[in-house]
Amino acid sequence: MSERQHIWVGPEVTDFEASCDACLARRDIWSVSIRSAEVVGTLRREADVGFTTCRHGHRIVVRRVGRPLRLVASTRRG
């Protein structure tokens with residue numbers, strides 16, 4: 001899998017939970033457990049982007065969407 005997976009979170013979200021697409025695409029993962037494809041993490045409220053890795057080492061980008069422009073501008077000034 002050459003494209004990196006993205007998890008999109010809302011403007012106020014700090015905790016996220018998703019499934020790793022790369023893990024779910026592997027046939028052998030089904031024999032172990034679907035839970036092994038779960039990704040759980042946090043993103044600081046002031047951060048717009050972060051990174052996480054699933055249990056199998058697949059890199060995932062976490063991006064914040066829907067933040068009001070004035071909030072973005074005020075967090076960058078101070």
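The secondary structure of the protein comprises 3 helices and 5 strands, where helices (H or I, at least four residues) and strands (E, at least two) are DSSP runs numbered from the N terminus. The structure is a predicted model, in which local features need pLDDT of at least 70, side-chain atom pairs count only at pLDDT 80 or more, and totals for chains, interfaces and linings use all residues. Residues are numbered from 1 along each chain as its sequence is written, and side-chain values use heavy atoms, with hydrogens and water left out. From the N terminus on, the order of the elements is β-β-α-α-β-β-β-α.

Of the 78 residues in the protein, 29% are buried (buried, under 20% relative accessible area; exposed, over 50%; partly exposed, in between; 1.4 Å probe, protein chains only). The accessible surface comes to about 5,600 Å², as computed by the Shrake-Rupley method with a 1.4 Å probe; carbon and sulfur atoms account for 49% of this surface. Among contacts (heavy atoms within 4.5 Å) between residues at least 6 apart in sequence, 47% join residues at least 24 apart.

An open sheet with mixed pairing is formed by 3 strands in the order 1-5-4, two strands being paired if DSSP finds at least two bridges between them. Strand 1 and strand 4 (49-53) stand at the edges with a single partner strand each, so one side of each is left without a neighbour in the sheet. From one strand to the next, the twist averages 30 degrees (axes are lines fitted to C-alpha atoms, and angles run from 0 to 180 degrees between N-to-C directions). Strand 4 pairs with strand 5 (residues 59-64) in the antiparallel sense over 5 bridges.

Within this sheet, Thr-52 belongs to strand 4, and its bridge partner in strand 5 is Ile-60. Thr-52 counts as buried because its relative accessibility is 15%. Apart from neighbours within four places in sequence, Thr-52 is in contact with Phe-16, Val-39, His-58, Arg-59, Ile-60 and Val-62.

Val-9 and Val-65 are 56 residues apart along the chain, yet their C-alpha atoms are separated by 6.1 Å.
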